[in-house]
Amino acid sequence: NYILLVENCARFKNYYPFKFAITDKLSSVKIEPNSSNMGASEIRDNGSVEVMGIPLDALSLYDVTLLKIDVEYHEPQVLLGANQTLLKNKPIILIEDAGNEYSRLLPGYSLIKGWPNHKTYLYGWSKW
């Protein structure tokens, strides 16, 4: 996935690919690749590929306007590790949520639109 990211973004300027997983704490994580659909690879305790995991907050990002999260059931950990980034930037969040339950992890956000058939929801900051 990382090699494809680098190849696909080579024509763009000012991009900075990183080779790690976004999670809730600084630690190694194991990923179980899905060879028939790389987008369906998952972080699992018994995964066969080990990578460094970091919280999004560790990147000290600024001017974040959109955050798209589709990480095969690891969305809660991503949100927990992005708390300060969300509070500081208040980005729009597009998130895959199979059980439509992650809104509880988004205090200050309101649902803008949902696509239940695709298990995807769009949230915006509502506490202005």
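These legends accompany several close-up views of a predicted model.

**View 1. The open four-stranded sheet.** Start here to get your bearings: four strands form an open sheet in the order β1-β4-β2-β3, and their pairing is mixed. At the edges stand β1 and β3, each with a single partner strand, so one side of each has no neighbour in the sheet. Between β1 and β4 the pairing is parallel and runs over three bridges.

View 2. Now let us zoom in on Thr-23, which sits in strand β1 (residues 21-23). Is Thr-23 buried or exposed? Thr-23 is buried, because its relative accessible area is 3%, and buried means under 20%. One, at 2.8 Å, is with the side chain of His-74. Another, at 3.1 Å, is with the side chain of Asp-24. Setting aside sequence neighbours within four places, the residues in contact with Thr-23 include Val-29, Gly-53, Ile-54, Pro-55 and Leu-56. His-74, Gln-77, Val-78 and Gly-81 are also among its contacts.

**View 3. The second largest pocket.** Sorted by class, the lining holds two nonpolar, five polar and five charged residues.

**View 4. The largest pocket.** Here we turn to the largest pocket, with about 1,700 Å³ of space. Its lining is made of 36 residues, and the closest to the pocket centre are Phe-18, Phe-20, Ala-21, Ile-22 and Val-71. Several elements each supply at least two lining residues: α1 (2-9), β1, β3 (42-43), β4 (49-55) and β5 (66-69). Of the lining, the largest share is from β5, which gives four residues. By class, this lining has 26 nonpolar, five polar and five charged residues.

**View 5. The hairpin of β7 and β8.** Follow the chain along to strand β7 (residues 109-115) and strand β8 (residues 120-125), which pair in the antiparallel sense over six bridges. For a pair to look at, take Leu-111, whose bridge partner in β8 is Tyr-123. Four residues lie between the strands of this hairpin, and Lys-119 has a positive phi near 55°.

**View 6. Lys-90 in its loop.** Our last stop is Lys-90, found in the loop that lies between α3 (83-89) and β6 (92-96). How exposed is this residue, and what does its side chain reach? Lys-90 is partly exposed, because its relative accessible area is 25%, and that class lies between the cut-offs of 20% and 50%. The Lys-90 side chain reaches the backbone oxygen of Leu-87 at 2.6 Å. Look for Ser-126 as well: Lys-90 and Ser-126 are 36 residues apart in sequence, and their C-alpha atoms are 9.2 Å apart in space.

Key
Residues numbered from 1 in each chain as written. Predicted model: local features only at pLDDT ≥ 70, side-chain atom pairs only at ≥ 80, totals over all residues. Heavy atoms only, no water. Pairing = 2+ DSSP bridges. Buried < 20%, exposed > 50% of the residue type's maximum accessible area, 1.4 Å probe, protein only. Polar contact = N/O pair within 3.5 Å; in protein donor to acceptor, adjacent residues only side chain to side chain. Contact = heavy atoms within 4.5 Å. 1 Å grid on protein atoms, 1.4 Å probe; cavity = no way out; pocket = protein on both sides within 12 Å on 5 of 7 lines; lining within 4 Å. Points joined across faces, edges and corners; volume = space filled by probe spheres on them. Nonpolar A, V, L, I, M, F, W, Y, C, P; charged D, E, K, R; others polar.
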